[in-house]
Amino acid sequence: MSMTRVQQRLLMYTSKIDDSGCWEWTGQISNSGYGRLKIRDEHGDLCMRSAQHISYEAFVGPVSSGMLVMQTCRNRLCINPEHLELFDPGA
């Protein structure tokens, strides 16, 4: 299976941590301590998105409107799709 450009870009800014299994984001980090990157949206406009959100969409599937992507490992820089889950902040 070949990787998409988004998957390749995500992995280019990732350091894999052996003991935890985390894929730590090494790119830009927000003031709140989460990874982030600029990406083109469905309209072709550049927008800033969280690295974990982009990773979930690239490796797992779409994220429904209003849902957040959270790390089960509690590592804010982790973008390993196996450590990500959807969270409904309104529930």
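In this predicted model, helix 2 spans residues 51–59, and its buried residues are Ala51, Gln52, His53, Ile54, Ser55 and Tyr56. The cover over these buried residues includes helix 1 (5–12) together with strand 2 (23–25), strand 3 (36–40), strand 4 (46–50), strand 5 (68–71) and strand 6 (84–87).

**Nonpolar core**
- Nine residues form the largest nonpolar core, namely Leu10, Trp23, Trp25, Leu37, Ile39, Ala51, Ile54, Leu77 and Ile79.
- Strand 2, strand 3 and helix 2 are the elements that each give two or more residues to this core.
- In soluble globular proteins, nonpolar side chains tend to be buried together.
- Beyond residues up to four places away in sequence, Trp25 is in contact with Leu10, Tyr13, Thr14, Gly35, Arg36, Leu37, Ala51, Leu77 and Ile79.

**Strands 5 and 6**
- Strand 5 pairs with strand 6 in the antiparallel sense, over 4 bridges.
- Gln71 has Leu84 of strand 6 as its bridge partner.
- Val69 and Gln71 make up the covered face of strand 5, whereas Leu68 and Met70 make up the uncovered face.
- In a regular strand, side chains alternate between the two faces of the sheet.

**Largest pocket**
- The volume of the largest pocket is about 180 Å³.
- Its lining consists of Tyr34, Met70, Gln71, Thr72, Arg74, Asn75, Arg76, Glu85 and Phe87.
- Both strand 5 and strand 6 contribute at least two residues to the lining of this pocket.
- By class, the lining residues comprise 3 nonpolar, 3 polar and 3 charged.

Notes. Residues numbered from 1 in each chain as written. Predicted model: local features only at pLDDT ≥ 70, side-chain atom pairs only at ≥ 80, totals over all residues. Heavy atoms only, no water. Buried < 20%, exposed > 50% of the residue type's maximum accessible area, 1.4 Å probe, protein only. Contact = heavy atoms within 4.5 Å. 1 Å grid on protein atoms, 1.4 Å probe; cavity = no way out; pocket = protein on both sides within 12 Å on 5 of 7 lines; lining within 4 Å. Points joined across faces, edges and corners; volume = space filled by probe spheres on them. Nonpolar A, V, L, I, M, F, W, Y, C, P; charged D, E, K, R; others polar. Pairing = 2+ DSSP bridges. Core = buried A, V, L, I, M, F, W, Y, C linked by side-chain atoms within 4.5 Å.
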